[in-house]
Amino acid sequence: FSWGLTGHRVVGEVAENHLSDLAKAKVAKLLNNATLAEVSNWMDEVKSDRAYDSLRAWHYVSIPDGEVYEDTDINPDGDLIKGIEYIISKLKNGGLSADLEADYIKILVHLVGDLHQPLHVGRKSDRGGNDIKVEWFWKKSNLHRVWDSQMIDDKKYSYTELATIIDKADRGELFMWQKGNIRDWAHEAMQYREQIYDIPTDKKLSYEYQYKNWNLCKKQLLKGGVRLAGILNEIYG
């Protein structure tokens, strides 16, 4: 799983709002005038195409509590961090065909979104919350799915409405959030585990859990968009 359709589109929409004019023009040309929101779910859509099977492991990374990425048994098939770093390096080095460069941008939009869904930087022991069975408003679910889509979709916002609601960062926040690198942002996501895993013993999640975690969910979507814009601005001007 990854942020649902709405979540990924929100990240793309926020990023579009913070692109420089030069970067926006270059990216639009490469994407044939598709928006970042429009292409944000492409990487999930191509999962049915076996030609892209090598990308499956790129949607997540497992880091145990108390460790950092460099100390883990890194997946030889790749992971979320390695995937983003690879795509950024290829886009910065240039020399790509227009079609391949467009695909790399689509992948980058999706993966930076995934990086900011905290359970995509998850514990291997429970597969990033997928094995934590819960009820979400009296329907069977799991903790990962709650964060991917259910908490967002239950608000009934369109992606443009939610992007407008959350995109209120000031210049200081924009500057601070764009500092650091991919690994810093992954380790940051781990800091929210205690809050995310704070669930009642009966594992029935509804209004209280939503109330306690909605602000964090919104902030992660916003950070994802702001940081994606920072990456694209660095690459394209």
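Predicted model: local features only at pLDDT ≥ 70, side-chain atom pairs only at ≥ 80, totals over all residues.
Trainee: Which residue in the turn of the hairpin has a positive phi?
Mentor: The hairpin is formed by strand 3 and strand 4. Two residues lie between them. The one with a positive phi, about 50°, is Phe-137.

Trainee: What is the bridge partner of Trp-136 in strand 5?
Mentor: Strand 5 takes in residues 204-205. Two bridges join strand 5 to strand 3, and the two run parallel. In strand 5, Trp-136 has as its bridge partner Leu-205.

Trainee: What is the strand order of the open sheet?
Mentor: The sheet has three strands and mixed pairing. Its edge strands are strand 4 and strand 5, since each pairs on one side only. The order is 4-3-5.

Trainee: Which residues form the covered face of strand 3?
Mentor: In a regular strand, side chains alternate between the two faces of the sheet. Strand 3 spans residues 133-136, and its uncovered face holds Lys-133 and Glu-135. The covered face is Val-134 and Trp-136.

Trainee: Is Gln-210 buried or exposed?
Mentor: Gln-210 lies in helix 12, residues 207-236. Contact means heavy atoms within 4.5 Å; leaving aside neighbours within four places in sequence, Gln-210 touches Trp-136, Phe-137, Met-151, Asp-154 and Lys-155. Buried means under 20% relative accessible area, exposed over 50%, and partly exposed in between (1.4 Å probe, protein chains only). Gln-210 has 11% relative accessibility, so it counts as buried.

Trainee: Where does Asn-33 lie?
Mentor: Asn-33 has a positive phi of about 70°, although it is not a glycine. At 65% relative accessibility, it counts as exposed. Its place is the loop between helix 2 (21-30) and helix 3 (36-39).

Trainee: What distance separates the C-alpha atoms of Lys-168 and Asp-49?
Mentor: Lys-168 sits in the loop between helix 8 (159-166) and helix 9 (171-178). Its relative accessible area is 59%, so it is exposed. Asp-49 is 119 residues away along the chain, and the C-alpha separation is 38 Å.

Trainee: What is the radius of gyration of the protein chain?
Mentor: The chain has twelve helices and five strands. The globule rule is 2.2 Å times the number of residues to the power 0.38, and the radius is taken over C-alpha atoms. For 237 residues the rule gives 18 Å; the chain comes close to that, so it is as compact as a globular protein of that length, with a radius of 17 Å.

Definitions and conventions
Residues numbered from 1 in each chain as written. Heavy atoms only, no water. Helix = DSSP H or I, 4+ residues; strand = E, 2+ residues; numbered from the N terminus. Pairing = 2+ DSSP bridges.
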